[in-house]
Amino acid sequence: MIRHWTPSECAAYLKTPQAPRILDVREAWEYDIAHLEGSTLIPLGQLAARLAQLDKTHEWLVVCHHGIRSAHACYYLERNGFQVINLTGGINRWAQEIDHDMSLY
């Protein structure tokens, strides 16, 4: 089941020993503006072709700009056997609530 978590919930979980890996499904130019440290970039349009690059044994926190593309990615990943969390509000909400130094666009 896909979980849709707020930035606060995700930030707390990322600090735990069982922290998920982070998948960013935005375009490279967006990623260059702002991204979460240690995230893997695979634009949504490339996800199906690059699915083998992701390890199913790990849980994934999926992010995009506002949470819509990441929700689509989560549905696709879940159907393919992944455990996923969608960052609600995306990197934009993360920047507003968690990392005030992060660039907005």
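Trainee: Which residues are buried in H4?

Mentor: Gly-90, Ile-91, Asn-92, Trp-94 and Ala-95 are buried in H4. Buried means under 20% relative accessible area, exposed means over 50%, and partly exposed lies in between, with a 1.4 Å probe and protein chains only. Keep in mind that this is a predicted model, where local features need pLDDT of at least 70, side-chain atom pairs count only at pLDDT 80 or more, and totals for chains, interfaces and linings use all residues. Residues are numbered from 1 along each chain as its sequence is written, and side-chain values use heavy atoms, leaving out hydrogens and water.

Trainee: What do the buried residues of H4 pack against?

Mentor: They pack against H1 and strand E5 (83-87). Contact here means heavy atoms within 4.5 Å. The labels are DSSP runs numbered from the N terminus: helices are H or I with at least four residues, strands are E with at least two.

Trainee: How do the axes of H1 and H4 cross?

Mentor: At roughly 80 degrees, and the axes come within 9 Å. That makes H1 roughly perpendicular to H4. The class covers 65 to 115 degrees; under 35 is roughly parallel, over 145 roughly antiparallel, and the rest oblique. Axes are lines fitted to C-alpha atoms, for helices over the stretch in contact, and angles run from 0 to 180 degrees between N-to-C directions.

Trainee: Which residues make the contact?

Mentor: H1 gives Pro-7, Ser-8, Cys-10, Ala-11 and Leu-14. H4 gives Arg-93, Trp-94 and Glu-97. By class, that contact has 5 nonpolar, 1 polar and 2 charged residues. Nonpolar covers Ala, Val, Leu, Ile, Met, Phe, Trp, Tyr, Cys and Pro; charged covers Asp, Glu, Lys and Arg; the others, Gly among them, are polar.

Trainee: New topic. Where is Thr-88 found?

Mentor: Thr-88 sits in the loop between E5 and H4. Leaving out residues up to four places away in sequence, Thr-88 touches His-4, Trp-5, Thr-6, Pro-7 and Arg-93.

Trainee: And how many Å apart are Thr-88 and Ala-52 in space?

Mentor: 25 Å, C-alpha to C-alpha. In sequence, Thr-88 and Ala-52 are 36 residues apart.

Trainee: Zoom out. How many helices and strands are in the chain?

Mentor: The chain has 4 helices and 5 strands. From the N terminus on, the order is β-α-β-α-β-β-α-β-α.

Trainee: What does the C-alpha trace span along its principal axes?

Mentor: About 35 × 30 × 20 Å.

Trainee: What share of the chain is buried?

Mentor: Buried residues make up 45% of the 105 residues.
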